[in-house]
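The sequence and structure are shown first.

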Amino acid sequence: MPVVSRPKPTQLNDVRVHVVNQSELEDFVSEFKEQYGELAFVALSMKDYENLALNIAELRRYINQQTEIIVYYEDAVGPNANDTTVSETVLDTE
Amino acid sequence: MLKVYAILIIVGVLGTFAYGAKYYYNTTQATIATLRENNAQLEVAVQTAQASVESLQQDMQKFAELNSQLQADLQAAEAYGDELQSKLNRLDLVQDALRDAETLEGKMNGATANLWRDIIKDTGGDASRPLPQWLQSGEQARTGDTDSNQDRENTSASGESPQTNTAE
C-alpha cells in the first residue's frame, strides 16, 4: 500500500515577551516607544499567558500524537520481511 | 454332451469372475487415483491454511508490538503538557513578576524560543537555527536593539548558547 509523504515541517517565528510590573511600567513605556516608535502593544494577564502556554502545549500534544498514529499506520501497512500473503502461498504451491 | 455343458458353465463362471476381477481392479484404480488427487489437493489446502495461520500470527505479533509502541508514544506526547501544568501550578508568576520581572522575562523568552524549536523538530524541521539576537545577548526585552520580527529575517547569527535561563 502506498504511503503518502508527510506535510512540510512547521516554520515558526520567534516571539518576544515583555514582562512588566507596576514599578517598571513608566520605564517600559518610554523604552518601548523609543524602540518601536509607537505605543501599541498586546497585554496579557499572567493567567491568560498561562492559558496561552497551556493551549500551545495542548496543540503540541495533539500534533505529536497525530504523528505517532500516522507512524503506526505507516508501519502497519508497510512491508514485512516475514510476511507471506495467502494468495502468494497458493500460487507457490500449485 | 453333459461335459460340454459343464465346460461351458465353468468357462462362463470363470469368465464372469475374470470380468468381475477386471472391473474391480479398474474401479479400485480409479478410486485410488481420485483419492490421490484429493489428497494432493488437501495437502495444498493444509499448506495454505498453515501459511495463513502463520501469516496471521505474524500479523498479530506485529500489531501487538506496534500497539504497544503507539501507547508508549502517545503517553510520551503528554509529557510536555503535564510538565508545564505542574510547573505553572508550582510557580506564582504574578509574584515572580513583581519580585524580578527581568529574570522572569528571560525565562519566558528562553522557554518560548525553545518551544518553537521543539515544535519545528517535532514536525520534521531543522530546529538548529540560532536563538534570536535579542535572546542571545542576555539583555532582555527593554534593552534589546531589535524586535522579534526583525530577528525573523536574521537567522544567521553566531549560534552562541543563550545567556537566559531556559529551564523554566
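In this predicted model, α2(A) packs against helix α1 (residues 2-77) of chain B at an angle of about 170°, and the two axes are 9 Å apart. An angle over 145 degrees counts as roughly antiparallel, so α2(A) and α1(B) are roughly antiparallel to each other. On the chain A side, the residues that meet α1(B) are A:Arg61, A:Asn64, A:Gln65, A:Glu68, A:Ile69, A:Tyr72, A:Asp75 and A:Ala76. Their counterparts in α1(B) are B:Phe63, B:Leu66, B:Leu70, B:Asp73, B:Leu74 and B:Ala77. By class, the contact of α2(A) with α1(B) has eight nonpolar, two polar and four charged residues.

α2(A) also packs against helix α2 (residues 79-90) of chain B, where the axes come within 9 Å and cross at roughly 165°. α2(A) and α2(B) are therefore roughly antiparallel to each other, and their crossing is left-handed. From α2(A), the contact takes A:Glu50, A:Ala53, A:Leu54, A:Ala57, A:Glu58, A:Arg60 and A:Arg61. From α2(B), it takes B:Tyr80, B:Gly81, B:Leu84, B:Gln85 and B:Leu88. These residues divide into six nonpolar, two polar and four charged.

| Helix pair | Angle | Axes |
|---|---|---|
| α2(A) and α1(B) | about 170° | 9 Å apart |
| α2(A) and α2(B) | roughly 165° | within 9 Å |

The contact of the two chains as a whole takes 46 residues from chain A and 47 residues from chain B. On the side of chain A that touches chain B, α1 (25-36), α2 (46-77) and α3 (86-93) of chain A each supply at least two residues. α2(A) gives the most to that side, with 17 residues. By class, the side of chain A that touches chain B has 19 nonpolar, 13 polar and 14 charged residues.

Chain A itself has three helices and zero strands, and its pattern along the sequence is α-α-α. Of the 94 residues in chain A, buried residues make up 7%.

Which residues form the largest nonpolar core? The six are A:Val19, A:Val20, B:Ala97, B:Ala101, B:Leu104 and B:Met108. Helix α4 (residues 101-122) of chain B gives the most to this core, with three residues. B:Ala97, one of the core residues, is in contact with A:Val19, A:Asn21, A:Met46 and B:Leu104, leaving aside its neighbours within four places in sequence.

Notes
Residues numbered from 1 in each chain as written. Chains lettered and ligands numbered in written order. Predicted model: local features only at pLDDT ≥ 70, side-chain atom pairs only at ≥ 80, totals over all residues. Contact = placed C-beta atoms within 7 Å. Helix = DSSP H or I, 4+ residues; strand = E, 2+ residues; numbered from the N terminus. Nonpolar A, V, L, I, M, F, W, Y, C, P; charged D, E, K, R; others polar. Core = buried A, V, L, I, M, F, W, Y, C linked by C-beta atoms within 7 Å. Buried ≥ 20, exposed ≤ 12 C-beta atoms within 10 Å, placed from the backbone. Axes fitted to C-alpha atoms, helices over the stretch in contact; angles between N-to-C directions. Parallel < 35°, antiparallel > 145°, perpendicular 65-115°, else oblique. Left-handed = near helix turned anticlockwise from the far one by under 90°.
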